[in-house]
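Please examine the sequence and the model shown here before reading on.

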Amino acid sequence: MAHVITAICTREGDCVEVCPVDCIIPGPTADGEWNDLFFIDPDTCIDCGACVPVCPPEAIFPEEDVPEMYQEDIERNANFFSSGPSYWDYDLEKERATYKGKLK
Ligand code: SF4
Ligand code: SF4
């Protein structure tokens with residue numbers, strides 16, 4: 001099990017600052033496929049729950065509690081690390097400033 005970031009994410013970046021195992025990574029702003037959300041590495045997340053209360057739009061859920069309409073985000077978080085950009089050297093301030101609604 002792991003925690004999952006859903007499509008509710010507005011790229012605030014607060015979760016990154018509290019994760020004790022640094023397993024939350026932003027989709028690169030310049031990458032059209034992944035730039036709408038931040039993602040949690042399910043293989044590294046220790047389910048501590050620290051990211052949940054700091055997320056302004058309440059976008060993070062334990063995997064077993066992900067709402068039905070966001071179920072596909074479970075696989076999307078995992079795919080970001082297995083076949084997407086995965087861990088990369090990002091500038092959090094730059095990535096968090098780019099709210100998905102402003103990218104379009
Ligand atoms: S704190 Fe919430 S909205 Fe901000 S990046 Fe993390 S999951 Fe997305
Ligand atoms: S539950 Fe804990 S370990 Fe998992 S992503 Fe959130 S802060 Fe990180």
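The shell around ligand 1 consists of nine nonpolar, two polar and three charged residues. Here Ala, Val, Leu, Ile, Met, Phe, Trp, Tyr, Cys and Pro count as nonpolar, Asp, Glu, Lys and Arg as charged, and the others, Gly among them, as polar. A residue is near a molecule if its C-beta atom, placed from the backbone, lies within 6 Å of it. The model is predicted: local features need pLDDT of at least 70, side-chain atom pairs count only at pLDDT 80 or more, and totals for chains, interfaces and linings use all residues. Residues are numbered from 1 along each chain as its sequence is written, while chains are lettered from A and ligands numbered from 1 in the order in which they are written.

The two ligand shells are set out below.

| Ligand | Residues around it | Closest residues |
|---|---|---|
| Ligand 1 | 14 residues | Cys9, Glu12, Cys15, Phe38 and Cys55 |
| Ligand 2 | 14 residues | His3, Cys19, Cys45, Cys48 and Cys51 |

Around ligand 2, the shell has eleven nonpolar, two polar and one charged residues.

Ile24 is in contact (C-beta atoms, placed from the backbone, within 7 Å) with Cys15, Val16, Cys19, Phe38, Ile40 and Cys51, leaving aside its neighbours within four places in sequence.

Ser82 belongs to helix α2, residues 72–82; such helices are DSSP runs of H or I with at least four residues, numbered from the N terminus. Ser82 is exposed because it has 12 other C-beta atoms within 10 Å, and the term exposed applies to 12 or fewer such atoms, placed from the backbone. The C-alpha atoms of Ser82 and Pro28 are separated by 15 Å, and the two residues are 54 residues apart along the chain.

Definitions and conventions: Helix = DSSP H or I, 4+ residues; strand = E, 2+ residues; numbered from the N terminus. Buried ≥ 20, exposed ≤ 12 C-beta atoms within 10 Å, placed from the backbone. Contact = placed C-beta atoms within 7 Å.
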